[in-house]
Structure formats: structure tokens, C-alpha cells
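Grab a pencil and keep the viewer open.

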Amino acid sequence: MKIDSFTVQAERPTDDGAIEALHEASFGPGRFSRAASLLREGVPHDPALSFVATTGPDLIGSVRLTPIVIGARPAILLGPLAVVDGWKGRGAGKSLMRTSLAAAREAGHQVVLLVGDEPYYGPFGFVRVPPYSITLPAPADPARVLVCPLVEGAIEGLSGAARRAL
């Protein structure tokens, strides 16, 4: 039996080049026009909530969280979450998700937003919002607009425009 061995650790500034290459390979140049990318534009991700998965010296995955606002409420945008092709389905993405959500909860954040697949993200606590209750800066399939409450009641009444945190 083969056991996959990787380590999840806080992202370091020296990881930037490998993370950007991973994002390019995973999402291509069209990623910059997507709603989530527009929310991140010009706002640095939170390094205390952003993590990488490595095996030996190789970066095999990354997740970043960026501060945003939904309506008048502070929130965190999850993404991108990316794992190199040879490591997909082997637990790195799930480990990155669990680590980043735990760090966000511990830091006192209440809500995480993402645009993604409910079957993958649902087990982490993400749920769909009513269609168009949260508006994004570019078109997105409303079935893919998901939020994760990090504290009880955090998504009650959550609505409005998602925008960059200032």
C-alpha cells in the first residue's frame, strides 16, 4: 500500500512563484476575469490564513484566503484552492481546506465565501445562498456561490454585494 506523504504549512513569501505557476497551470489566463479573481484584485491575501502543501521541496497545493465585505459584513473569500495534477484526489486539497477554515475560525472570522462545486465544498460546511442574495462583481453561476458559517448564525440575513475589503 502506498501512503501519500505531504505537509501543510503556512504560506511563505518564497512560495509566491510556485503558487503563481500552480494557478496558471490550474486555471489559465481566463482566471483574471472571474468573479472571485475580481474580488481579490488589489487586495493582498491574508498570509496568516493561507497555506501550502508540500512534499519534500515541491509545492503540491495552495489555498489562500482574502478579506472581503458582503453587504456591510466582513467576510473572507476562499481561493484559489489548487493542487498539482499528480496529487489531486490524494487528500492535499482537503487538508488545505480544513487547515484554512480552522485558522479563519480561530482568528475570529465568521463567514467564508467561495465560488465552487457544492459536492466538493459541502462536506466542509459550505452551503448555497439563495440565488442572487449575494452579488458578485462578475457573472457567476448562482448554484456555485457558497458560504460557510464559522460561528452559529453567521449567515442569517447575509446578503448584498460582495466587494473588496478596503
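## Strand partners

In strand 9, Arg-164 is the bridge partner of Ile-68. Keep in mind throughout that you're working with a predicted model.

**Exercise 1.** Work out in which sense strand 9 pairs with strand 3, and in which sense with strand 7.

*Solution.* Start from the bridge between Ile-68 and Arg-164. Strand 3 and strand 9 (residues 160–164) share three bridges, and the sense is antiparallel. Now move to Ile-134, whose bridge partner in strand 9 is Gly-160. Strand 7 (residues 134–135) pairs with strand 9 over two bridges, this time in the parallel sense.

**Exercise 2.** Decide whether Asp-15 is buried or exposed, and list what it contacts beyond its neighbours within four places in sequence.

*Solution.* First, find the spot: Asp-15 sits in the loop between strand 1 (7–10) and helix 1 (16–27). Next, check the accessibility. Buried means under 20% relative accessible area; Asp-15 comes in at 6%, so it counts as buried. Last, look around it: with those sequence neighbours set aside, Asp-15 touches Ala-10, Val-52 and Leu-59.

**Exercise 3.** Describe helix 3: its span, its buried residues and what covers them.

*Solution.* Take the span first. Helix 3 (92–106) has 15 residues and runs 21 Å from first C-alpha to last, close to the 21 Å expected at 1.5 Å a residue. Then pick out the buried residues: Ala-92, Gly-93, Ser-95, Leu-96, Met-97, Ser-100, Leu-101, Ala-103 and Ala-104. To read that spacing, remember that an α-helix has 3.6 residues a turn, so residues three or four places apart point the same way. The cover over the buried residues of helix 3 includes strand 1, strand 2 (51–55), strand 3, strand 4, strand 5 and helix 4. Past the end of the helix, Gly-108 follows with a positive phi, near 95 degrees.

**Exercise 4.** Characterise the largest pocket: its volume, its lining and the element that gives the most to that lining.

*Solution.* The largest pocket holds about 1000 Å³ of space. It's lined by 41 residues, and those closest to its centre are Phe-27, Gly-79, Pro-80, Leu-81 and Ala-82. Elements giving two or more residues to the lining include helix 1, helix 2, strand 3 (58–70) and strand 4 (73–83). Strand 4 gives the most, with six residues.

Conventions:
Residues are numbered from 1 along each chain as its sequence is written. This is a predicted model: local features need pLDDT of at least 70, side-chain atom pairs count only at pLDDT 80 or more; totals for chains, interfaces and linings use all residues. Side-chain values use heavy atoms; hydrogens and water are left out. Helices (H or I, at least four residues) and strands (E, at least two) are DSSP runs, numbered from the N terminus. Buried means under 20% relative accessible area, exposed over 50%, partly exposed in between (1.4 Å probe, protein chains only). Contact means heavy atoms within 4.5 Å. On a 1 Å grid over the protein atoms alone, a cavity is a set of points where a 1.4 Å probe fits but cannot get out, and a pocket is an open set with protein on both sides within 12 Å along at least five of seven lines; lining residues have an atom within 4 Å of a point. Grid points are joined across faces, edges and corners, and a volume is the space filled by probe spheres set on the points. The expected span of a helix is 1.5 Å times one less than its number of residues. Two strands pair if DSSP finds at least two bridges between them.
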